[in-house]
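Work through the exercises below with the sequence and coordinates at hand. Each task is followed by a solution in steps.

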Amino acid sequence: MRQQYARRTQLIIAIMGFVAFAIIFQMVRIQNSSQAPDFLGLGDGFQYEWKTVFPDRGEIYDRNGHLLAGNKTVYEVTVDLKNVQSAETIASTLSRELGSDYATVLNQIQNPDPGIVSVTVANSVDQKDGLRLLELTNNDATGDLRGLNFIKHPKRSYPENKLASNVIGYVNGDGLGYFGVEEKYNNILAGNAVPVAVPVDPNKVSEIPHIPNGTTLILTLNRDLQASAEKILDDAVSKYGATRGTIVIMDPQTGELLTMASTRRMDLNQIWDYGSTFDNASDYNPAISVPYEPGSVLKILTMAAALDSGTVTPGTTYMDTGVIYVGGVPIQNWDRNPWGIQDMTGCLQHSLNVCMATLSTSMGATTFYSYMDKFGLGHLTGVDMGGEAAGRLKIPGDGDWYPVDLGTNAFGQGVAVTPIQIMTAASAIANHGNSVTPHVLYATVRHERQYKSDAVFSGSPISAQTADTLNEMLANSLEYEGSMALVDGYRIAGKTGTAQIPGEYESDSTNASFIGWGPVDDPKFMIYVWLERPTASIWGSETAAPVFAQMAQKTILLLNIPPDSVRKQLAQQ
Amino acid sequence: MNIQNVNHLVHAYKIAPWRVQRQWIGAVLIVAIALAMISAIFLDVSSRTALAGREILSLTAAISTSQKNSGDLQTQLALLTSASVMEQRAQDLGFHAVETADMEYVIVPGYTAPEPKILSSSSLPQLSALSIPPEYNESLFEWLDKKIASSSRGR
């Protein structure tokens, strides 16, 4: 009996041993078979689930913390076609709740393209509407709304609508930035949807990939100053009958752009208006994208070159006969009259073309164009916005350069520059000979820390002594002239510009400009005004100059700049 | 019961045929109980880790939702306080824009002009999976290994 039990036990042990061996053998065989990678892949598929993460695109603030571009949550409403019970109910509900077109939605559901299993019937649905529709779907006892799905994702939102739209740019439906800061810093603002594998096993929580949000940008813009500039510009364009206008305000000591306003602005929350607002891409931000002949504002650079090269001193005089021949072509003053004996301040005060042509020819082409090159004409300034144009400075040796260009270039004709290029060049005069790189990025915020962008100097085209001398001459010339650009209590340096438009030299169409900065002894702002084709008056001194004064007064108020007398008292303490 | 009887019982126990079997059973039981205890501890730690992991997942989701809600509210607030809205509100309340002639500057000793905003708060901890302490994701064996390593270093 006992022996019989022993035999049975041995048999059971043998069978179990065999089964165990077979299992182990099979495990080893499977793991080393050719299908092993497939099985492993299949297993891994159950360990992770794929999710699409929508990191927020970085926000954009002005220098005082006002939000210029943020994100809001919206819903994409889709229909899972195989679960639809009543296409009519879904279409009527969407029509009622979201204002969708009933027939379009019904057609999308009933006549999908071959192979399509899900259709998007509404996108960018506001959170409030989306939640209401979601609740309706969840509480639908009949099942008629079965098949509706809701995908939550962030969408760019611009609380200030049109304000600073030329600087900010916009983001399209695919999350790509166009124009301005949105384009220039698209990579660091990022925030594009990323598919990630999330481990199902909670023990592997540390393997969940961390998708950081985009970097937040703080701009140098001052929102309130920007709003004022846009209002002043709109009024000026209307008052002077101009076709277009631009106002840019920069801190000439740091290159920080405080304001950049242009007429033709679009509501950034309605990007579909782009086509009807702008004729072409360069219209988006003319301050950096549209080169034009600036006219007499360029005389400050010619004078700077003449002083710095030692060709003249402020006291140097010359006899203005009203005409000078350069390359065999006569060049006359703006009023076609002779102005007699003039010193260099008089040249600037009366904006004499003959004087400037005399200076450039005295310097010679090599010296003159060398200075213009150092001032950055014909080069990109490096301003941190998408779409900057380099303009054009013809130089000897170029196929389209003629000797007369040496004369005309000296007073801003035959040369194409953008407002931002002139400001960059003029910053050297306002800033003791050092020109700054204009920029709109004040700081970035990432990983809960703020990183400031420092001012970058782009060169020293002239000496500090030349800059200070010219500063004084420009301030005096405005005061002697009794310019409409003057501001009570503040000493301002600047220059008007009136340039006939190339191709329309015989007509009354002009570009009226003014560049000025103040207070002269410690410049806190540099303002550029450009009015295109003003009809009330063709002269920059009667159109752009008063707009400058108006803008300067607003700037002084918003930047809290005390009058010169108060600042002197402060300095004496 | 005298001493002879006791010796007899001891002798009988020593020569009993089931004695060896009992010893084997005892040894196996001790090993089984030890294994069961280790398994119980392992199961307890694993389940706690799993619970903590689930909690982290739900907290991470909650943080993400809160951040998105915060972004939403921030944008709504910015809409309500945009330049045009604030200007309109000021006008409705009877204010008008200040002119340079309205301004009177007073010298205030020690006054410094306001600086641009600092938007970040570097004192906030960085929210990422990397900040999860080891108690929540290390295994029992890793914990034991660490303890043994630290005790051997202590000697």
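Two residues are in contact if their C-beta atoms, placed from the backbone, lie within 7 Å. The model is predicted.

**Exercise 1. Describe how α9(A) and α19(A) pack.**

Solution. 
- Step 1. Two packed helices are described by the angle between their axes and the distance between the axes.
- Step 2. For helix α9 (residues 223–239) of chain A and α19(A), the angle is about 160° and the axes are 10 Å apart.
- Step 3. Angles over 145 degrees count as roughly antiparallel, and α9(A) and α19(A) are therefore roughly antiparallel to each other.
- Step 4. The crossing in which α9(A) passes α19(A) is right-handed.
- Step 5. On the α9(A) side, the residues are Asp224(A), Leu225(A), Ser228(A), Ala229(A), Ile232(A) and Ala236(A); they meet Val547(A), Gln550(A), Met551(A), Lys554(A), Thr555(A) and Leu558(A) in α19(A).
- Step 6. By residue class, this contact of α9(A) with α19(A) has seven nonpolar, three polar and two charged residues.

**Exercise 2. Are α12(A) and α14(A) parallel, antiparallel, perpendicular or oblique to each other?**

Solution. 
- Step 1. The axes of helix α12 (residues 299–308) of chain A and helix α14 (residues 353–363) of chain A cross at roughly 40° and come within 10 Å.
- Step 2. Angles under 35 degrees count as roughly parallel, and 65 to 115 as roughly perpendicular; α12(A) and α14(A) are therefore oblique to each other.
- Step 3. α12(A) passes α14(A) in a left-handed crossing.
- Step 4. From α12(A), the contact uses Lys299(A), Thr302(A), Met303(A), Ala305(A) and Ala306(A), and from α14(A), Met356(A), Leu359(A), Ser360(A) and Met363(A).
- Step 5. Six of the residues in the contact of α12(A) with α14(A) are nonpolar, two are polar and one is charged.

**Exercise 3. Is Ala467(A) buried or exposed?**

Solution. 
- Step 1. Ala467(A) belongs to helix α18 (residues 464–481) of chain A.
- Step 2. A residue is buried if 20 or more other C-beta atoms lie within 10 Å of its own.
- Step 3. Ala467(A) has 24 C-beta neighbours inside 10 Å and therefore counts as buried.
- Step 4. Leaving aside neighbours within four places in sequence, the contacts of Ala467(A) are Ala428(A), Ile429(A), His432(A), Gly433(A) and Ile462(A).

**Exercise 4. Describe chain B and the side of chain B that touches chain A.**

Solution. 
- Step 1. Chain B has four helices and zero strands, in the pattern α-α-α-α along the sequence.
- Step 2. Of the 155 residues in chain B, 4% are buried.
- Step 3. Contact with chain A involves 34 residues of chain B and 42 residues of chain A.
- Step 4. Helix α2 (residues 18–80) of chain B gives the most to this side of chain B, with 13 residues.
- Step 5. The side of chain B that touches chain A divides into 17 nonpolar, 13 polar and four charged residues.

How values were computed. Residues are numbered from 1 along each chain as its sequence is written. Chains are lettered from A and ligands numbered from 1 in the order in which they are written. This is a predicted model: local features need pLDDT of at least 70, side-chain atom pairs count only at pLDDT 80 or more; totals for chains, interfaces and linings use all residues. Helices (H or I, at least four residues) and strands (E, at least two) are DSSP runs, numbered from the N terminus. Ala, Val, Leu, Ile, Met, Phe, Trp, Tyr, Cys and Pro count as nonpolar, Asp, Glu, Lys and Arg as charged, and the others, Gly among them, as polar. Axes are lines fitted to C-alpha atoms, for helices over the stretch in contact, and angles run from 0 to 180 degrees between N-to-C directions. A crossing is left-handed if the near helix is turned anticlockwise from the far one by less than a right angle, and right-handed if clockwise. A residue is buried if 20 or more other C-beta atoms lie within 10 Å of its own, exposed if 12 or fewer, and partly exposed in between; C-beta atoms are placed from the backbone.
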